[in-house]
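This report covers the packing, surface and charge pairing of the model shown below.

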Amino acid sequence: MKVNIEPVDVFPGTATQMEISAVSVGLGQGACCTYSLLNELDTVLKSDTAHLTAEQYEGWGNDDEYFVEAIAENIGITLI
């Protein structure tokens, strides 16, 4: 899932999109994902992993938007 973000400087450019490409779930335990920050040309500037907090995991349910918003919050990115 790819979403637009507030521009953020990420060497060697400016990221304007975040893409979550893989999610791993430990049932009853938590979830993590692989995310990428991309520029306007869809070039990956950074890839990393991020985790939901225990509280976020309990609130997730099956809402993908909730998951994306929680990850963005955890890595300090603002969605637009």
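This is a predicted model: local features need pLDDT of at least 70, side-chain atom pairs count only at pLDDT 80 or more; totals for chains, interfaces and linings use all residues.

Helix α2 itself has 12 residues, and its first and last C-alpha atoms span 17 Å, close to the 16 Å expected at 1.5 Å a residue. In general, an α-helix has 3.6 residues a turn, so residues three or four places apart point the same way.

The largest nonpolar core has 21 residues. Within this core, the residues with the most contacts are M18, I20, L37, L52, F67 and I71. Two or more core residues are given by each of β1 (2-10), β2 (13-26), β3 (30-38), β4 (44-51), α1 (54-60) and α2 (64-75). The largest share, 5 residues, comes from α2.

When neighbours within four places in sequence are left aside, F67 is in contact with I20, V23, A31, C32, C33, L52 and W60.

A22 lies in strand β2. A22 counts as partly exposed because its relative accessibility is 38%, between the 20% and 50% limits. Not counting residues up to four places away in sequence, A22 touches C32, C33 and T34. The C-alpha atoms of A22 and M1 are separated by 9.2 Å, with the two residues 21 residues apart along the chain.

A nonpolar patch on the surface is formed by V23, V25 and L27, which together have about 300 Å² of accessible area. Of these, L27 is found in the loop between β2 and β3. L27 is classed as exposed because its relative accessible area is 76%.

## The salt bridge

The structure holds 1 salt bridge. Its partners are K2 and D42, with the closest N and O atoms 3.3 Å apart. K2 lies in strand β1 and D42 in the loop between β3 and β4, so the pair ties together parts that are 40 residues apart in sequence.

| Residue | Relative accessible area | Class |
|---|---|---|
| K2 | 39% | partly exposed |
| A22 | 38% | partly exposed |
| L27 | 76% | exposed |
| D42 | 41% | partly exposed |

Methods:
Residues are numbered from 1 along each chain as its sequence is written. Side-chain values use heavy atoms; hydrogens and water are left out. A nonpolar core is a set of buried Ala, Val, Leu, Ile, Met, Phe, Trp, Tyr and Cys residues joined through side-chain atoms within 4.5 Å. Buried means under 20% relative accessible area, exposed over 50%, partly exposed in between (1.4 Å probe, protein chains only). Helices (H or I, at least four residues) and strands (E, at least two) are DSSP runs, numbered from the N terminus. Contact means heavy atoms within 4.5 Å. Patches are made of residues with over 30% relative accessible area and no salt bridge: like charges are joined within 9 Å, nonpolar side chains (Val, Leu, Ile, Met, Phe, Trp, Tyr) within 5 Å. Accessible areas come from the Shrake-Rupley method with a 1.4 Å probe; for residues, only the protein chains shown count as cover. A salt bridge is a side-chain nitrogen of Lys or Arg within 4 Å of a carboxyl oxygen of Asp or Glu. The expected span of a helix is 1.5 Å times one less than its number of residues.
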